[in-house]
Amino acid sequence: MRKRERGTVLGVDIGTSSSKGVLVDQDGTVLATAVRPHTVSRPRPGHVELDARVWWDEFASLARELTGSGSAVTAVGVSGMGPCVALTDEADTPLHPAILYGVDTRATEQIARLEAELGREAVLERCGSLLSTQAVGPKIAWLAEHAPEVIARARRLYMPSSYLVRRLTGAYVLDHHSASQSVPLYDSVAQEWYAPWARHIAPWIELPKLGWPGDIAGRLTAEAAATTGLPAGVPVVTGTIDAWSEALSVGAQRTGDLMLMYGSTMFLINTVTERLLVPQLWSTVGALPGTRNLAGGMATSGVITDWLRELFGAPEHTELLAEAEAAGPGAKGLLMLPYFAGERTPVADPDARGMIAGLTVEHTRGDLYRAALEATAFGVRHNAEAMRAAGADVHRVVAVGGGTRGGLWTRIVSDVTGLEQEIRTVTLGASYGAALLAAQAVGDADIDAWNPVREQVTPDARLRPRYDDLYDLYLRLYPATRDIGHALARQQRDIAASRARAPASAAQSLISVQAWTHLA
């Protein structure tokens with residue numbers, strides 16, 4: 001009880017498959033956790049959405065559960081998946097399901113058009129990253145073309161963290177890091193919105209004020225207090241995108257640090273001394289003032305193992321991990337490309353498709369599960385090598401996320417990459433990082449004291465020759481099958497269109513949007 005009297009902080013993260021909350025004492029001790037699973041919508045191939053109202057409902061539910069015993073919450077931290085595009089009207093009513101980050105690949109035509117209009121090299125130089133499925137601008141342009149009713153009413157742009165801050169405090173603010181992923185709306189050199197390109201793409205949107213993730217954005221309003229059960233007046237920090245909050249949660253923010261986030265997708269964040277511009281990766285503003293990052297992201301990782309598990313009849317993950325362990329390195333001659341939702345970095349191909357090579361009737365579900373784990377490890381190696389080729393220093397790797405439990409996945413990644421990984425005591429990830437930012441906003445909180453190192457995952461040098469050979473085949477498999485994957489992606493879109501009740505058109509999109517907004 002004494003710890004609760006000293007005050008606690010609340011951290012909430014809105015993720016792709018769930019929202020997670022954590023109540024933390026001032027010394028970093030986790031007092032309680034809670035989860036709210038949700039499912040994204042995939043109305044068409046390449047479309048991945050989530051109703052933004054879910055973000056607030058789940059935050060409020062988590063807050064009530066975690067603080068229902070009367071905990072003396074002194075600050076609130078938030079984070080969420082991103083970059084996302086959630087447009088609202090002047091009353092902050094969502095007008096369309098939020099379009100998610102790089103897993104949503106709908107805006108390929110808009111990427112090409114904006115690149116031609118603005119200039120590929122000009123975008124890279126000003127923004128630090130090329131236009132891609134990760135970028136905010138093309139997604140807004142897609143809505144302008146396909147959902148004119150949304151655009152006619154749209155006035156504000158939100159991501160999960162900024163939407164929660166708005167509902168909690170009334171402040172309309174976005175952190176610099178999230179803004180730096182809002183290509184091409186943000187100038188990463190000047191670290192401010194770039195008005196000419198913002199007016200070109202979205203002149204009707206009032207862009208949010210900019211702050212840093214650890215800044216106090218505002219204080220909890222009486223209305224928000226009544227909904228959440230939190231005390232009115234407590235400070236709320238600005239927050240940031242989940243992967244960057246994950247990096248903070250394990251202390252991966254020093255130069256040369258590489259964070260590996262094991263989750264539904266795999267994310268990599270390397271802290272660098274200067275802005276490194278490389279088309280295959282993302283150069284961003286860091287979560288802390290004065291820092292820069294070189295980042296990469298795989299569109300699917302844990303999503304693949306979850307998909308396989310469902311195909312296998314939903315056995316326990318521990319059972320599948322044991323079978324994958326028994327399969328041994330190389331999965332008895334199987335090789336998988338993990339491009340099951342296109343791929344973000346370093347291939348930047350939204351029409352890439354997953355491939356499984358070497359299948360025979362003798363292969364088992366354990367072999368397939370092992371091949372999926374190894375595929376994500378090959379993807380990590382591909383990204384890490386691209387970072388080093390760009391001039392980044394990778395000398396300390398810190399792993400975080402649900403995939404660090406169980407041991408096999410992290411061991412495979414170390415064996416494939418040759419990188420030792422550090423695993424901290426608390427691997428909750430983004431919600432814990434959000435709590436850390438909240439604690440630092442109102443007092444002293446040192447991540448090394450909060451979250452000490454628990455174990456080191458060391459690569460097995462005996463397996464390196466085997467994995468080097470497989471990695472060479474992995475690098476050759478994508479270019480060898482790229483044209484086939486693209487042809488199949490086109491077929492998938494054609495099949496989806498033919499199954500639709502009416503042709504996909506701007507008029508049909510307008511009807512769908514109007515129907516959705518009537519529910520608001």
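Predicted model: local features only at pLDDT ≥ 70, side-chain atom pairs only at ≥ 80, totals over all residues.
Let's start with the nonpolar interior. In soluble globular proteins, nonpolar side chains tend to be buried together. Here the largest nonpolar core has 77 residues, and W55 and F59 are those with the most contacts inside it. Helix α2, residues 52-67, supplies the largest share of this core, seven residues. Another core, of 53 residues, lies apart from the largest one, and L268, L320, A324 and L373 are among its members.

Now turn to a sheet. Strands of a sheet pair through backbone hydrogen bonds, either parallel or antiparallel. In this model, seven strands form an open sheet with mixed pairing, and their order is β18-β19-β17-β16-β22-β23-β24. At its edges are β18 (282-285) and β24 (453-457), each of which pairs on one side only. From one strand to the next, the twist averages 30°. For a detail you can pick out in the viewer, look at β17 (residues 266-272) and β19 (residues 292-298): these two strands pair in the antiparallel sense over seven bridges. Within that pairing, M266 stands opposite M298 in β19.

Next comes helix α12, which covers residues 302-311 and has G302, I304, T305, L308 and R309 buried. Why do these buried residues share a side of α12? They lie on the same side because they cover an arc of only 155° around the axis. The general rule behind such patterns is friendly to remember: an α-helix has 3.6 residues a turn, so residues three or four places apart point the same way. The buried residues of α12 pack against α13 (317-327), β20 (335-337), α14 (365-389) and α15 (408-417). On the face turned away from the buried side, α12 carries the exposed residues E310 and L311. Just after α12, G313 takes a positive phi of about 95°.

Finally, what about the cysteines? A disulfide is a covalent bond between the sulfur atoms of two cysteines. The structure holds zero disulfides. C84 is in none, and the nearest cysteine sulfur to it, that of C127, is 18 Å away. C84 counts as buried because its relative accessibility is 0%. C127 is likewise in no disulfide, with the sulfur of C84 as its nearest, 18 Å away. C127 is buried too, with a relative accessible area of 0%.

How values were computed
Residues numbered from 1 in each chain as written. Heavy atoms only, no water. Buried < 20%, exposed > 50% of the residue type's maximum accessible area, 1.4 Å probe, protein only. Helix = DSSP H or I, 4+ residues; strand = E, 2+ residues; numbered from the N terminus. Arc of directions from axis to C-beta. Contact = heavy atoms within 4.5 Å. Pairing = 2+ DSSP bridges. Axes fitted to C-alpha atoms, helices over the stretch in contact; angles between N-to-C directions. Core = buried A, V, L, I, M, F, W, Y, C linked by side-chain atoms within 4.5 Å. Disulfide = S-S within 2.5 Å.
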